[in-house]
Amino acid sequence: MQIRIIKNETELACAAADIFEETITNKPNAILGLATGASPVLTYKELIRRYEAGLISFKDVITFNLDEYCDLPRDDKNSYFTFMQENLFKKININPENVHIEDGNAENFDAEAKAYDDKIAAAGYVDLQLLGIGTNGHIGFNEPADTFTEGTFRIRLSESTIRANSRYFTDSKMPEYALTMGVGSIMKAKKILLIATGEAKAEAIYNTVKGPVTPHCPASILQTHPDAVLLLDEAAAERL
Ligand code: F6R
């Protein structure tokens, strides 16, 4: 695991965007695994800036998002579909056919999960997977558990995740379930880039880096990935 501690969020977003730019420059039809939430917002802004400046093109890029809430309309302001449109896709030259996000309103969640994994495999697996981390060490929506998860599946969100994300659901009830790539799917990515900022993440980062590899801190599995990079601000890294 490569750990880089970066002074401020702007520089951290630039460092993350550098890794994206390198991936896309080397492989214009790169497969990107994308995350939502607060952590990647500045990185997406920087990618948009570089696209507008003519430094990168997303014309042939293919994306797979980590997760999506279940039973939330796709056009709800809090769906991850909407998040991705607003924070990235609408502002770059990506082909909408190359964008993949789980269908949280599928009639059959198991079939949707299997189809999602099949699409990732058919595309040749993710070249660069971006991750945030939950305060409980979750990646995607893989919550602490007794075993590591494998492929995409439907999960009941933990109380701590519901507490952390309810802040976005000001006028509707936060969903209790989500579809998420499993830890096994995430680990198949050729390169993984995890971003964490703020002291609320310090304990999860400590457990990820210094703790044992355990499904009770799902991000700790990154210790065993051959090419995982952690970009941290000083607050997130304060316990290392
Ligand atoms: C989002 C995701 C989650 C978040 C995590 C951190 O697609 O998979 O694991 O990365 O909950 O969220 P923020 O960045 O909002 O602190």
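This is a predicted model: local features need pLDDT of at least 70, side-chain atom pairs count only at pLDDT 80 or more; totals for chains, interfaces and linings use all residues.
View A. Isoleucine 3 stands opposite leucine 230 in β10. β9 and β10 likewise pair in the parallel sense, over five bridges, and leucine 193 stands opposite valine 229. Residues are numbered from 1 along each chain as its sequence is written; local features need pLDDT of at least 70, side-chain atom pairs count only at pLDDT 80 or more, totals for chains, interfaces and linings use all residues, and side-chain values use heavy atoms, without hydrogens and water.

**View B. The two faces of β10.** Six of the six residues of β10 are buried, so the strand is largely enclosed by the rest of the structure; buried means under 20% relative accessible area, exposed over 50%, and partly exposed in between (1.4 Å probe, protein chains only). Ala228, Leu230 and Leu232 lie on one side, with Val229, Leu231 and Asp233 on the other.

**View C. The largest nonpolar core.** This core, a set of buried Ala, Val, Leu, Ile, Met, Phe, Trp, Tyr and Cys residues joined through side-chain atoms within 4.5 Å, has 32 residues, and those with the most contacts inside it include Leu32, Phe58 and Leu193. Helix α1 gives the most to this core, with seven residues.

**View D. Isoleucine 5 in strand β1.** Isoleucine 5 is in β1 (residues 2-6) and counts as partly exposed, because its relative accessibility is 48%.

Terms used: Helices (H or I, at least four residues) and strands (E, at least two) are DSSP runs, numbered from the N terminus. Two strands pair if DSSP finds at least two bridges between them.
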